[in-house]
Amino acid sequence: MIEVGLTHFLVISAALFSFGIYGVVTRKNAVMVLMGVELILNAANINFVAFARYGNFGLNGQIMALFIIILAAAEAAIALAIVLNIYKTFAHVNIDEIDNLKE
Amino acid sequence: MNVYDIIFYLFAAITLASGFLVVTVKNIVHSAFYLLFTLFGIAGIYVLLGADFIAIVQLLVYVGGILILLLFGVMLTNKITDVDIKTGTLHIVPAVIGVGIFWGAITSILTSTHWKSLPAENIEPTTAQIGTLLITDYVLVFELLGILLLIALIGAATIARRDKE
Amino acid sequence: MSEILLINLSILILFLPLAGFGVVILFGKRFSKLYLFEQGIITLAFILSVIVAVVKLSSYVNQDILFAFTWIDFGNVPMLGELKIDLGIKLDNLTVIMLFVVNLISMLVHHYSVEYMKGDAKYNRYFAYLGIFTFSMLGIVLTDNILMMYIFWELVGLSSYLLIGFWFEKDSASDAGKKAFIVNRVGDIGMFIGILILFATYQTFSFDAIYEKISMGIIPFDSGAWLTAAGILLFMGAVGKSAQFPLHVWLPDAMEGPTPVSALIHAATMVAAGVYLVARIFVMLTADAMLVIAVVGAFTSFIAASIALTQNDIKKVLAYSTVSQLGYMIMSLGVGAYAFAFFHLVTHAFFKACLFLGSGSVIHAMHHEQDIQKMGGLRRKMPLTYLSFLISTLAISGIPLTSGFLSKDGILAGTLAFGSLTGHWLIPIFGFTVAMMTAFYMFRLVILTFHGEPTDKHKFDHAHESPRLMVYPLVLLAVLSIFIWYTPNPLAPNQGWFLSSWVKTPQTVVPQDLRFEFMQSTETGTGIVHSEMYEHAMHWAHYPAMILSVILAGLGILLAFMMYQWKKISPDKFAEKVKPLYNLSLNKWYIDEIYQSTFINGTLILSNFLAWFDNTIIDGIVNGSATVTRLFSRISGWFDNYVVDGFVNFTAFFSGFIGLSFRRIQTGKVQTYIVFVIFSVLILIILL
C-alpha cells in the first residue's frame, strides 16, 4: 500500500459526500434528509482540513472548517424548527408527500 | 505501513462503514447512532490531519449539539406509539446509479490528479493560532457569525413556537 | 471649564430635546405620565445652558469656540476642485445668549402647558412636539454653517406646522398650519437659492470661511450685484420665518395653535430665527441689501402696528404686535444698529412671551373667550397676571426703567442716525410712529381686558387666578423685563454689560465700494463697521430719540386712557370719522384678500385654463388619433383574427403538447429534483 497522503483523505471525503447525497435523495423522513446534509457538510470539511494540512495556506482551511461547523449548527436548529412546523401542519414529516406547491 | 497509516485506515473504515449505514438502515434511531460513529471517525481524521482544535469542536458541536438536536427531531416528529421508527425510501434505482457514477467520476478525478503536496514538517497545536486569527483577520466574519447564530436562535424559536390559540 | 467640555455640553443640550421627542412620541400612547420625562429633560437642558452661557460669557467672552468635522468628502470633483461639506457648531456670545433665551422660554412654556393643556386628548404628543421644536431651534442657534442652518430651519418650519395645526380637528387650525407652511416655503426658496449662490462661489457652507473669502475680495461672479442678490435672497428666508411684509400673513393665523405655543414659537423664539439669520449674515450685506432690509422692516412694523390698533381678538393684537416688533429688529439690522437689534430680540422674547402667557392665562380663566370686548375688570380677579402683563406692556411700549425702553430707544436712535447720514428720513418716521401706535394699542388691550367693568358678567364670575404653575413663568418673565438685568443705568443701554462686552457689532467684510458711505474706512481691507461719522451720528441721535420716543409713547398711552378708561373720546365716533382708514386697519390692509384674488385665484384660473386646454385641445388630439387608431385597429383586427391567431393557436397547441409531455417531471418533490441535479452534474463532468 502506498503511504497515506492527501489523496486518501480526498477519496474518503468523496465517498462520504456520495453517501450524503444518497441519503438526501432516498430517505423519506425529513430528519434523515438532514443527516444526509450533515454528511455532505462533513465531507466538505474534511477537504478543507486536508488542504490546510497539505497545501500552502496556513490555517485558513481550518478556520473555514470551523465556520462551516458553526453554520451547520445554525442550519440544524432552523431546519429542525421547520421540521417541527411541518409535523404540526401535516402530522408527518415525509417530504415526498409534501408537494403542495405543485398545484 | 507505519502506525500513522494503520490508524488512518482504522478511522477511515469506521467513518465510511458507519456513514454507509447511516443512509441505508431503515430505523431512524439506529441511523442517528451510526451518524455518531461517523462523526467520531471524522474527528479522528481531523486529528490525523493535525487539526486538534477542529477535532474538539467537531466532537463538542456535532456530537454534543447537532446530533442531540437531530434525535430530538426524530422523537418529536414521530408518534410515540410507533415501536420502531422507520423511514421509507424512494428513488433507490436512480440514486444508486447516479451516486455510483458520481462517486466513480470524482474518485477517478481525485486519484488521477497530481496534487501539489507540501505537508508541514512538524505539527503544532493550532488553538492559539486559530484564536489569534479569529480576532484579527477574520474578526468581521467572526462577529457576523455571532449575529447569525443569534438570528438562527431567535428564528428557530419563532418558527417552532406553538401558535397562540 | 475647558472649551471641549463646553462644546460637548452644548451638543448635549442640542440633543436632549430630541431624545425627549423620540421617547415621548414613541411611548406616549402607552404611558400617560411620560410628559414628565420631557419636562425633566427640558429643565436639565435649561440648567446646562445656564452653565454654558455663564462660562462662555465670563471666561471666553472675547473668543469664539469652534468645533467642526467633515461630513461628506467628495474628494476632487471635476471643474469644482476639492469639495467637502463640513458640519460644526460655533459658540459665540450671540449663540450662548440665544441658547439661554430659547431654553428658558421653552422650559417655562413646558411648565406652563402642564396646566394649560390639562385634559387634552393628545397631551403627550403636544410635549413631544415642543421637544422637537426646541431641538430644531437650538440647531439653528448652534450651527456654524448655513447648510445645517437650512436643515434646522426647515425642521423648525415643520414643528411649527405641527403645533399650529395641533388641534387639527378644527378646520381653521389645520388651514392655518398649511398656510404657515406654504408661506414659509416661499421665503425658503429664496434662501435656498441664496445658499446655492454662496456655495457655487465659495465651495463651502461655513459662515466664517465665506466671510473670510469675501474679505479677501472674492465675490460671486465678480459683481457686487450678485453679492447684494445673495444677501437679499438669504433675507427672504428671514422674511418668511420672521413674518415680514409681504409674507407676514401666516403669523396672525398661526394663533390658532395653543397659546403657550404662540408664546414659545410665534413670539419669542422661532420668529426671532429670521432676525438671528440676518444677524449672522450681517457682515456680508451690501449697502443696497441693507437698505432693502431696512425698508422692509420699517414698512412691516408700520403696517402691522396699524392693523393691531383695531383688532379685538387678544391673541391677534399680540400677533400683529409681534410682527411689528420683528419689523423693528429687521429695520434695526438694516440701518446697521446690529447690537440693538439683537438686544431687542432678547428683551422682546421675554416680554412678548410674558404677554402671550398672560393672555393664555386670561383665556384659560375666561373659558376660551378671546374677544377683549367681552372682558374687563379682570384686574381684581387675577392680580398677578395683571401685574406681570402690565410690566410687559410698559416694556413693549418703551417706558423708562424697563428693558424694552433700552432696546427700543437704541433702535430708534439707530434709525435717526441712519436718516441723518443717508437722507432716508422715512425710516425713522415710520419707527417713531410705530412707537406711538404700539403704546396705544397695548394699553387699549390692557384697559379693555383688566380695567373697567366686566362686560360678560357670567364669565367674569367664574374667572379666577390661574394655578401656580402657570403664574410663576409670568412673574419670572416680567421680572426679566426690568432694566436691571441688562444695565445698571436705566437711561444708557450702552453702559450695560450686555452691549458693552457681550454683543458687539461685527466688522463688515463687504468690499469698500459696496458699503454705505458711513461704513467705509480709510484703512484698506477689513474696516470697522462704525466709522467716526457713524459714532458721531449715534451720539447725536441718542437723546433726541430717547426724549421723542418717551413723549410719543406717553401720548399713545394717554390717548388709550382717554378713549377706553375715562371715555372722554368715543372710539366709535373717532372710527366713524376716519372710516376708510379704520376699515383698512380692521381688514388687515386687505392683504389676505389681495392674495386671495391674485395668487390663489390666479392659480385657480390657471388651473382651470389648463383643465380646459386638456379637455378640448389635448383630448381633441387624443380623440382624433383614437379615431385613426380605430380604423387601423379594424384592419389589423382582421389580420390578427386569421393570420396571427392561427399562428398563436398553433404555438399554444404546440406548447400545450410539450407541457403535457414534460409535466410528469414536475413532481413537486424535492428529492426528485435532486436526482435530476445529480444527473445534470454528471453530464457536466463527463462533458468537461
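Chain C holds 26 helices and 2 strands, where helices (H or I, at least four residues) and strands (E, at least two) are DSSP runs numbered from the N terminus. The exercises below concern a predicted model, in which local features need pLDDT of at least 70 and side-chain atom pairs count only at pLDDT 80 or more, while totals for chains, interfaces and linings use all residues. Residues are numbered from 1 along each chain as its sequence is written, and chains are lettered from A and ligands numbered from 1 in the order in which they are written.

**Chain composition**

Step 1. A residue is buried if 20 or more other C-beta atoms, placed from the backbone, lie within 10 Å of its own, exposed if 12 or fewer do, and partly exposed in between. On this criterion, 49% of the 688 residues in chain C are buried. The buried share is 26% of the 165 residues in chain B and 56% of the 103 residues in chain A.

Step 2. Two residues are in contact if their C-beta atoms, placed from the backbone, lie within 7 Å. Of the contacts in chain C between residues at least 6 apart in sequence, 78% join residues at least 24 apart. The corresponding share is 57% in chain B, and in chain A it is 46%.

**Confidence in chain A**

Determine where in chain A confidence is lowest and where it is highest.

Step 1. The scale is pLDDT, the predictor's confidence in each residue, from 0 to 100. Chain A has a mean pLDDT of 84, with 93% of its residues at 70 or more.

Step 2. Within chain A, confidence is lowest in helix 3, with a mean of 87, and highest in helix 2, at 89.

**The side of chain A that touches chain B**

Describe how many residues are in contact between chains A and B, and which elements of chain A contribute.

Step 1. The contact joins 62 residues of chain A to 68 residues of chain B.

Step 2. Helix 1 (6-26), helix 2 (30-54) and helix 3 (60-90) of chain A each give two or more residues to this side. The largest share, 20 residues, is that of helix 3 of chain A.

Step 3. Sorted by class, this side of chain A has 43 nonpolar, 13 polar and 6 charged residues. Here Ala, Val, Leu, Ile, Met, Phe, Trp, Tyr, Cys and Pro count as nonpolar, Asp, Glu, Lys and Arg as charged, and the others, Gly among them, as polar.

**Helix 1 of chain A and helix 26 of chain C**

Characterise the approach of helix 1 of chain A to helix 26 (residues 670-687) of chain C.

Step 1. Their axes come within 8 Å and cross at roughly 145°. Axes are lines fitted to C-alpha atoms, for helices over the stretch in contact, and angles run from 0 to 180 degrees between N-to-C directions.

Step 2. From helix 1 of chain A, Ile21(A), Val24(A) and Val25(A) meet Gln671(C), Ile674(C), Val675(C) and Ile678(C) of helix 26 of chain C. The contact has 6 nonpolar, 1 polar and no charged residues.

**Helix 10 of chain C**

Step 1. The buried residues include Val261(C), Leu264(C) and Ile265(C).

Step 2. Thr259(C), Ser262(C), His266(C) and Ala267(C) of helix 10 meet Lys315(C), Ala319(C) and Thr322(C) of helix 13. This contact comprises 2 nonpolar, 4 polar and 1 charged residues.

**Nonpolar cores**

Identify the residues with the most contacts inside the largest nonpolar core.

Step 1. A nonpolar core is a set of buried Ala, Val, Leu, Ile, Met, Phe, Trp, Tyr and Cys residues joined through C-beta atoms within 7 Å. The largest has 216 residues, and Val275(C), Val278(C), Ala341(C) and Ala353(C) have the most contacts inside it. Its largest share, 18 residues, comes from helix 14 (residues 338-365) of chain C.

Step 2. A second, separate core of 74 residues includes Tyr54(A), Val93(A), Val57(B) and Val99(B).

Step 3. Leaving aside residues up to four places away in sequence, Ala341(C) touches Val275(C), Ala279(C), Met329(C), Ser332(C), Leu333(C) and Ile411(C).
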